[in-house]
Amino acid sequence: LIAALKVHNAIPVAVGSGTINDLTKLAAHLTDRPYMCVATAASMDGYTAFGASITANGAKQTFNCPAPQACLADIDILSKAPTEMTAAGYADLFAKITAGADWIFADALGVEPIDDTAWSIVQDGLHEALADPEGTKNGDTKAVTQLTEGLMLGGFAMQWSKSSRPASGAEHQFSHLWNMEHHLNNGEHISHGFQVSIGTLAVTALYDLMLKTDFENLDIAAALKQWPTLEQLKEEALSIFKATDFPEIGWQEAKAKYIDHQELEKQLQTLKNNWSNIKKRLATQIVPFEEAKARLATVGAPTEPEHIGITKEKLRETFVRAQYIRRRFTILDVAVRTGYLEQWLDQLFGKDGVWDITT
Ligand SMILES: [Zn+2]
């Protein structure tokens, strides 16, 4: 594509969805010219995003490159896209619920303040845009318009922030990890939105448990006791990813967000003192698990890990591994730092849990 572009001065126009847009975006950037995209499915939020997600040397990577100068989305065309593509886009939009919750946490604990502009771009119309999964599935004009706008706005917010923080939290870390592990379902790649659907449900289930937890009585001393030193963290992070083709990333990313015992004590005190307020903000943000699952099922997105070839055991492992691969602060970090992760996982994957693996 780059070679073809270099022989003239034409402006490339990408007509297609994820991969076509991303390849054109990168090629346009590397040949130093603007480009335009014509969306053919409301399948993800990457059309208007800063950065291109491309598989290079066998691994999915994000390349820094500008968004298109213009993006054309004809709702008549988008609403006739294959239903699984629309379902994938709906799931990628649903992910902004948990991504927003993670940002609330990062904000409340003094890790990363909420940028009001980016927040408003993504979150203001979000709950409404997700309200009609049935209509979305059936290609209803209003529902598909709202979905498309929501996805485009997600891209704009990422441009504004020069970061994916407004649109991506722990649920995306699940998907990133599976990509890094070259996960396939019966030899087939799984769309970004379908991976994110399971990631979003997983993280939502964790939020449901967290919202039932009494952090006002958090035992800070116990939490500090289980928190590793930097040296212990290094050992742990390196051993977790030893057998992969990304042995260093866990250490590199976990180190970037590591805080020492003294700082952790302060952070947990903040959590404890402000829990009723934080809890209120989170409860308003989160769509409860059963409701989230019902809506994702209605639109035709996967709702069980097995639907995308992930066993329950692997899903449980992903909860533990995912927070190592990105420095972004999420609910997973809160779960680890408070010392609650294992007991919550025991509940989720235990008898009467959402994903019982005891039988
Ligand atoms: Zn996404």
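**Exercise 1. Which handedness does the crossing of α10 and α18 have, and which residues make the contact?**

*Solution.* Start with the crossing: α10 passes α18 in a right-handed way. By convention, a crossing is left-handed if the near helix is turned anticlockwise from the far one by less than a right angle, and right-handed if clockwise. Helices (H or I, at least four residues) and strands (E, at least two) are DSSP runs, numbered from the N terminus.

Before going on, note that this is a predicted model: local features need pLDDT of at least 70, side-chain atom pairs count only at pLDDT 80 or more, and totals for chains, interfaces and linings use all residues. Residues are numbered from 1 along each chain as its sequence is written, and side-chain values use heavy atoms, with hydrogens and water left out.

Next, find the geometry. Helix α10 (residues 192-211) packs against helix α18 (residues 341-349) at about 115 degrees, with the axes 10 Å apart. Axes are lines fitted to C-alpha atoms, for helices over the stretch in contact, and angles run from 0 to 180 degrees between N-to-C directions. The pair therefore counts as roughly perpendicular (angles under 35 degrees are roughly parallel, over 145 roughly antiparallel, 65 to 115 roughly perpendicular and the rest oblique).

Now list the contact (heavy atoms within 4.5 Å). α10 supplies Ala205, Leu206, Leu209 and Met210, while α18 supplies Trp344, Gln347 and Leu348. By class, that is 6 nonpolar, 1 polar and no charged residues. Here Ala, Val, Leu, Ile, Met, Phe, Trp, Tyr, Cys and Pro count as nonpolar, Asp, Glu, Lys and Arg as charged, and the others, Gly among them, as polar.

**Exercise 2. At what angle do α9 and α10 cross, and what is the make-up of their contact by class?**

*Solution.* Take helix α9 (residues 170-180): its axis comes within 7 Å of that of α10, and the two cross at roughly 130 degrees. That makes α9 oblique to α10. The handedness of this crossing is right-handed. On the α9 side, the contact residues include Phe174 and Trp178; on the α10 side, they include Val196 and Ile198. The count by class is 7 nonpolar, 7 polar and 1 charged.

**Exercise 3. Which residues of α4 meet α9?**

*Solution.* Begin with the packing: helix α4 (residues 83-108) and α9 make an angle of about 120 degrees, and their axes are 7 Å apart. α4 is thus oblique to α9. Then read off the residues: Asp92, Ala95, Thr98, Ala99 and Asp102 of α4 meet Ala170, Glu171 and His172 of α9. This contact has 3 nonpolar, 2 polar and 3 charged residues.

**Exercise 4. In what order do the strands of the open sheet run, and which are the edge strands?**

*Solution.* The 3 strands are ordered β1-β2-β5, with parallel pairing (two strands pair if DSSP finds at least two bridges between them). β1 (13-16) and β5 (70-73) are the edge strands, each pairing on one side only. From one strand to the next, the twist averages 15 degrees. Strand β2 (residues 36-39) is joined to β5 by 4 bridges, and alanine 39 has alanine 73 of β5 as its bridge partner. Finally, helix α2 (residues 18-30) lies across β1 and β2, at about 165 degrees to β1.
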